[in-house]
Amino acid sequence: MILKIYFDGQISMEKGNINQKKYFLKYIDFYLVTDSKFSKKGILSDVKEAVEAGCQIIQYREKNKSTKKMIYEATEIKRICRNNAKFLVNDRIDIALAVDAEGVHLGQNDMPIEIARKLLGEDKIIGLTVHNVYEAIEAENKGADYVGLGPIFDTATKKDAGEGIGPEKIREIKKSIRIPVVAIGGINMDNCESVIQNGADCLVAIYAVVGSDDVKNETKNFINIIRKIKLLRNHHLTDKHKH
Ligand code: TZP
Ligand code: MG
């Protein structure tokens, strides 16, 4: 069980245990969620380019494909991620189990997290979508490894996402839980600074990345800006403590 941290910030977790999982999640920046509707070159190409750009966590999200097709794509994504990125499956515990993915991402109406945990075991990553402080605290208490918070801004990518809650809401959630907060919904290069400034540990931008002509470059741009703002944010925090 070796956790390797490379000089360029890449983290590789070769065999999971709970502490390594928690440590890994503390340091993720940009999180790619696949979307075959908006993808220009196909989801496998998107995953490959994002991993090459340094993305360390990928979520396979498909709402309308056959189970057979999903098993095939999930197997391919796992192969592309290898030791370079964690691979999670949205909603489908059965697919995650079938391909031995590193975790799942669940919504409020998906399988209850306690049951998912029993099926997947302690080493797997379970993320839960939350919309408010109450759901965030409940997610932490029930053993979620991170929360997905959103939609931060209005988005056309998920039809039933509801209205954007605004980046300031991230601060409120951060104060109420210790597990990482992954911001999602309507995030692009122009507004991502405010998301990190307000305390998000990580962010997802689907359309801005997979709908672009150059997934690798867009992923790199997001990673660079997130890391820059985190450095400034953390520097500002330590400065405040000095005075
Ligand atoms: N969950 C909440 S908003 C959303 C999901 C899956 C869609 C985010 O897509 P985009 O293109 O980054 O707004
Ligand atoms: Mg779901």
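Q: In which helix is N234 found?
A: This is a predicted model, so let's start with one residue and its place in the chain. The helix in question covers residues 215–242, and N234 falls inside that range. The helix that holds N234 is α10.

Q: Is N234 buried, partly exposed or exposed?
A: Buried means under 20% relative accessible area and exposed means over 50%. The relative accessibility of N234 is 37%, so N234 lands between those cut-offs and counts as partly exposed.

Q: How many Å apart in space are N234 and R117, C-alpha to C-alpha?
A: In sequence, N234 and R117 are separated by 117 residues. In space, taken from C-alpha to C-alpha, the distance between N234 and R117 is 33 Å.

Q: Which residues coordinate the magnesium ion (ligand 2)?
A: The coordinating atoms are OD atoms, at 1.9 to 2.2 Å from the magnesium ion. The residues that supply them are D91 and D110.

Q: How many residues apart in sequence are the parts that D91 and D110 tie together?
A: D91 sits in the loop between β5 (86–90) and α4 (93–99). D110 sits in the loop between β6 (103–106) and α5 (113–120). Because the two residues come from these two loops, the pair links parts of the chain whose separation in sequence is 19 residues.

Q: What relative accessibility does D110 have?
A: Let's look at both residues at the magnesium ion. D91 has 24% relative accessibility and therefore counts as partly exposed. D110 is partly exposed as well, and its relative accessibility is 26%.

Q: Which peptide bond is cis, with omega near 0 degrees?
A: Most peptide bonds are trans. The cis bond runs from G150 to P151.

Q: What phi does R82 have, although it is not a glycine?
A: Most residues other than glycine have a negative phi. R82 is found in the loop between α3 (67–81) and β5, and its relative accessible area of 63% makes it exposed. The phi of R82 is positive, at about 35 degrees.

Q: What phi does D100 have, although it is not a glycine?
A: D100 lies in the loop between α4 and β6. At 44% relative accessibility, D100 counts as partly exposed. Its phi is positive, at about 55 degrees.

Q: Which residues does K142 touch, not counting residues up to four places away in sequence?
A: K142 has its place in the loop between α6 (133–141) and β8. With a relative accessible area of 36%, K142 is partly exposed. Leaving out residues up to four places away in sequence, K142 touches I113 and E114.

Q: How many helices and strands does the protein chain have, and why does it count as compact as a globular protein of its length?
A: The secondary structure comes to 10 helices and 10 strands. For 243 residues the globule rule gives 18 Å, and the protein chain is close to that, so it is as compact as a globular protein of that length, with a radius of gyration of 17 Å.

Q: What share of the contacts in the protein chain with a separation of 6 or more comes from residues 24 or more positions apart?
A: Buried residues make up 50% of the 243 residues in the protein chain. Among contacts with a separation of 6 or more, the share from residues 24 or more positions apart is 57%.

Definitions and conventions. Residues numbered from 1 in each chain as written. Chains lettered and ligands numbered in written order. Predicted model: local features only at pLDDT ≥ 70, side-chain atom pairs only at ≥ 80, totals over all residues. Heavy atoms only, no water. Helix = DSSP H or I, 4+ residues; strand = E, 2+ residues; numbered from the N terminus. Rg over C-alpha atoms; globule rule 2.2 N^0.38 Å. Buried < 20%, exposed > 50% of the residue type's maximum accessible area, 1.4 Å probe, protein only. Contact = heavy atoms within 4.5 Å. Donors = N, O, S within 2.8 Å, 3.2 Å for Na, K, Ca; no water.
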